[in-house]
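Hi everyone, thanks for coming.

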Amino acid sequence: MSDTALVAVVLAAVAGLVAGLAWAAARGGDEARRRPGFRSSPHYSEGLHALATGQLELAIHELDKVRREHADAIEVQQVLSHLYREVGRTERAIEMHRALIARRDLTRAERAYALASLGTDYRRAGMLDRAAEAYREALELEPRNLHALAGQQKLHEDQRQWREAYEVQTRIARMRKSDDALVLGFLQTELGRDALAAGRRDAAEEAFRTALSLDRRVFPAHLALAELWLERDPRRAAQLLEDAIAAVPERAYLAFSTLARAYAACGEPARFAALCERLVGQDPRDWRARLGLARHLRADERPAEALGLLLRAVETNPHVLLVHLEVWRTLRAMGALGPEERKYVATVEDSALYVDPHICTVCRYRADDMLWRCPHCHEWNTLVEERVGPAAGTR
C-alpha cells in the first residue's frame, strides 16, 4: 500500500473514531451509559499511535485487545471494523458490524451509523442489494445520517444510476453546506452521456451546459459539447475547447485531437500549432503540447522538426512509453529504421503496456488513460498524469 493510500485509510479510520467520540459526547447526560474506561488502556494509546503512523495491522492488534477488555467500547469496535475493511478483511468487518447492530444498548445514532457502515462493507464486497437495504434501514432510523447518505450516493454511482446519485449528492451538499459543484457537474455530464446514447441530443446538450454552469472545471462536459458541434459548426466547437483549456489548462492535452479536427474543418490548421507553441511557452515542461505539435508536424511531412520537439519531450518526461513510441514513429517516417527496428516498434505498439500512465491522487490507482472517476476509490477528477523526472545525476 502506498503512503498516500495509507494516509487516506488513517483519515477514514480516525473519522470513524471521531464519530464515535461525538456519540459519547451526545450521551453526556447519561452517566450510566458513558464508556470512558477503555481510554486509560495502554493498548488504546498504542493502537492510536500505530494508526497515526500507518501501521494498520499493529493498530488492529492493539485495538482488538481493547475490544476484548472493554466489551462496551463501541467507538473502538467501529474503528476496528473500518480498519478490517480497509486492509481487505471485509468478512470480518461485516461480522463486527452485525454484532454491533445486534446489541440492545445502542443509541439510535449509533445503530444508524453501524447500519451505514455495514452497507459500506456490503458495497465493498459487491453485495449491492444488501448494501442498499442497509443504507435504507440506516436512513429510516436517522434520515439525516451523512454516513448513510454518502454510501447510498456511491452505490448509485457504482450502478450508474446518475439521476439518483445527483439527487442524493445535492441533498448532502445542502446538509453539509459545502460546495459540491464539481462532483455535481460530473454527474450531470454522465446524465448527458446517457441521453446522447439514447439519441436525445437536446437533453444531452442541456445536461452538458448544466454541468458547466455548475463548475467550469468539468472538462468532459466541454469535450462532449465540442463533439456535438464539431460537424455543424467547427468554429463553435473550437471556441468551446479553447474555453476549456483556459478553464483547466492542465487538461489541455485531452482536447488536442478534437481541436485539431475543428481547426482543420475551419481551414485553419496552423492555429493548432500556434496553440501548442503558446502552451509550451507558458510551461516549458509541457511535454504533451510538444507531443501534439510533433504529431501535427509529422502529418505535415516535417518529421525532422517533429523529432527535435520529441527529444525535448523525452528530456522532461523520460519514463512515459508514449513519448518514445512517437520518437520511433517519427524515425520510421524519416526512413531511419531498418526492418528489424520497424518490427520491434510494431510489436511494442500492439502490446498492453502503460503507454500513458495516470495516477489517482487519493488511492494511487494506476491507469493507462485519463479516467474521470477512479475505479478503485470512486472519487471524481482525481487522476493526473504520472510525472517522473530524469534520475539524479543523468544529463
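V323 has 0% relative accessibility, so this residue counts as buried (buried is under 20% relative accessible area, exposed over 50%, partly exposed in between, with a 1.4 Å probe and protein chains only). V323 is found in helix α18, residues 321–333; helices here are DSSP runs of H or I with at least four residues, strands are runs of E with at least two, and both are numbered from the N terminus.

Before I go on, a word on the source: this is a predicted model, where local features need pLDDT of at least 70, side-chain atom pairs count only at pLDDT 80 or more, and totals for chains, interfaces and linings use all residues. Residues are numbered from 1 along each chain as its sequence is written, and side-chain values use heavy atoms, with hydrogens and water left out.

So which residues is V323 in contact with, leaving aside neighbours within four places in sequence? They are W287, L291, L310, A313, V314 and N317, with contact meaning heavy atoms within 4.5 Å. L291 is 32 residues away from V323 along the chain, and their C-alpha atoms are separated by 7.2 Å.

Now the helix pair. The axes of α9 (residues 162–176) and α10 (residues 181–197) come within 9 Å and cross at roughly 160 degrees; axes are lines fitted to C-alpha atoms over the stretch in contact, and angles run from 0 to 180 degrees between N-to-C directions. That makes α9 roughly antiparallel to α10, a label for angles over 145 degrees. Among the residues making this contact are W162 and Y166 of α9, and L187 and L191 of α10.

Finally, the whole protein: 19 helices and three strands, with 48% of its 395 residues counting as buried.

Notes:
Parallel < 35°, antiparallel > 145°, perpendicular 65-115°, else oblique.
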